[in-house]
Amino acid sequence: MQWPWRRRKVVVVVVVLRKLLTCAICVIALMGLLSVRVHVFPSSKVSDLTDPYKLPTVTQHELNYQKLSAEKKWTQELTPPHLSKEQAPPHLSKAPLSSHKLNGANGSLDFEKLWKQPSNRDFVPCVQPGSNYTAPDESRGYLLVHTNGGLNQMRAGICDMVAVARIINATLVVPELDKRSFWQDTSNFSDVFDEDHFINALANDVNVIKKLPKDLSSATKVVMHFRSWSGLEYYRDEIASLWEEFQVIRAAKSDSRLANNHLPPDIQKLRCRACYEALRFSPKIEAMGKLLVDRMRAYGPFIALHLRYEKDMLAFSGCTHGLSDVEAEELRTIRENTAYWKIKDINATEQRSRGYCPLTPTEVGIFLTGLGYPSNTPIYIAAGEIYGGDTHMADLRSRYPILMSKEKLASVEELEPFTNHASQMAALDYIVSVESDVFIPSYSGNMARAVEGHRRFLGHRKTISPDRKALVRLFDKIEKGLLMEGRKVSNRISEIHKKLQGSPRRRRGPVSGTKGMDRFRSEEAFYVNPLPDCLCKRVSGNVNASTASMR
């Protein structure tokens, strides 16, 4: 009988087949795993491809800022001794650095967008004079200048008077700073600016001396109120003719005395050389200002917020939204008692609805949140004393607790040389504002315009200019409960300001239909936007550019 043998043979075959099948399954499974490995972990060549949305690591940001500081030779002491642990920069606190810099941002793409600079479209400074430009002609007399206003109003006036001195062949005596304005600052020119550098930098343009010669101190001087926004003909024909009778002309005021447009190219370029190269702050201000910048950089990318919510501005503009009756009355009294403020009766509600009022600290908080800046964004407050102090700052501080200022970043001893000198304190804010990653003014005053123009000149650094008129309508709806903060408000704020971030554009001319002085007044000021006069498209191999920087 062969049946049992056949049965054993079948069993053996089945066992062999089963083993073969098991091996085949294992091989297939192994191949599948290898295939998945290849796709999940691509080769090093693939990982080298550039990802346009990849956010640099925190370490890379730190290295970039350290390199920037080293290039500018700024002081490397980053932390003032008086800061508490809560106020200390992230790298000195216990919390991880990444939590300070990235927490709250909606991913790397949002973070990159918040700090991304606008394209400069290859515009670079071009302030060197033309080939026919000559050294100063023989001086016909001396020009004395009494500047007026705050720091930035005086800065613009000084640069205009340099150009005027060139036009009328005058020797310019170092201008006298305004000591009678609202701030009652006793600073002299050399306290605020580097006097020797100013004189030497302009040697090929205008003769500048520190004092009027003694033999002319008793000479008859003609005091002139130069006509506002005047052109070349006015100064060459009307003002220059005064040399026939006088050796000394005294300009009683310096603000807005030269036209914004339609001046010879060499005169416009001279204004830029004066403003961005010759008119450098004094060494002690430069050193302190750059120390403040370094200390802010220790927190990572930061916003400089020009919060123009100060007593003088609110009194001058008549803006009282969010203030108590007592505060509003105090501001009205100041306005009434300030003789050189001509407009006394102001409708605060109408003023605000037209966008003529500075944003309040609370409104600034809503604005920044709407733009997408997370609550741990470092913010430098570039301002004097905020009206109402902590009472009016509480809401902004609750949204953005890392609110710093020169008073917080520096010790009392470090600031002592500048205290009680408004122009010198404003100069420190100016330096930090120009060097910040993002500059946002709450009001388009003299400082806001000066900083915006300087940042444009230095490469169109990101400057977000709030559309106050449009924002007020949103804020009022939120205040009345008709609109809630959230995605809808954020999208609206972002859309409004998409094209208000400092991108290159030509300086705006007068508003259509305006006439006379109103026409000049409606123009965009020269120092707000030096394009096209002082910024040119980069031409490969032949660029007439001078690289100016905050040195």
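**Close-up 1. R308 and its polar partners.** The side chains of R308 and D312 are joined by a polar contact of 2.8 Å; a polar contact here is a pair of N or O atoms within 3.5 Å, where within protein one must be able to donate a hydrogen and the other to accept it, and residues adjacent in sequence count only if both atoms are side-chain atoms. A polar contact of 2.5 Å links the side chain of R308 to that of E310. This is a predicted model, in which local features need pLDDT of at least 70 and side-chain atom pairs count only at pLDDT 80 or more, while totals for chains, interfaces and linings use all residues. Residues are numbered from 1 along each chain as its sequence is written, and side-chain values use heavy atoms, with hydrogens and water left out.

Close-up 2. You will find R308 in the loop between β7 (303-306) and α12 (311-317); helices (H or I, at least four residues) and strands (E, at least two) are DSSP runs, numbered from the N terminus. R308 counts as buried because its relative accessibility is 14%; buried means under 20% relative accessible area, exposed over 50%, and partly exposed in between (1.4 Å probe, protein chains only). Leaving aside residues up to four places away in sequence, R308 touches W183, M313, P358, S442 and Y443, with contact meaning heavy atoms within 4.5 Å.

**Close-up 3. The four-stranded sheet.** Follow the order β9-β8-β7-β10 to trace this open sheet, whose pairing is parallel. The edges belong to β9 (403-404) and β10 (438-441), each with a single partner strand, so one side of each has no neighbour in the sheet. Two strands pair if DSSP finds at least two bridges between them; β7 and β10, which run parallel, are joined by four. One place to look is L305, whose bridge partner in β10 is I440. Helix α20 (residues 446-457) packs on the sheet, touching β7 and β10, and its direction makes about 155° with that of β10. Helix α15 (residues 361-371) lies across β7, β8 (379-381) and β10, running at about 140° to β10. For these angles, axes are lines fitted to C-alpha atoms, for helices over the stretch in contact, and angles run from 0 to 180 degrees between N-to-C directions.

**Close-up 4. The five-stranded sheet.** Here the open sheet has the order β4-β3-β2-β6-β5, again with parallel pairing. At its edges stand β4 (208-209) and β5 (221-224), each with a single partner strand, so one side of each is left without a neighbour in the sheet. Helix α6 (residues 151-167) packs on this sheet, touching β2 (141-145), β3 and β6 (248-251), and its direction makes about 165° with that of β2. Strand β3 (residues 170-173) runs parallel to β4, joined to it by two bridges. In β4, V208 is the bridge partner of L172.

Close-up 5. D122, in the loop between α5 (107-115) and β1 (123-125), has a positive phi near 65° although it is not a glycine. With 44% relative accessibility, D122 counts as partly exposed. H460, placed in the loop between α20 and α21 (468-479), also is not a glycine and has a positive phi of about 55°. H460 counts as buried, at 0% relative accessibility. In the loop between α23 (516-521) and β11 (535-537) lies P532; the peptide bond from L531 to P532 is cis, with omega near 20°.
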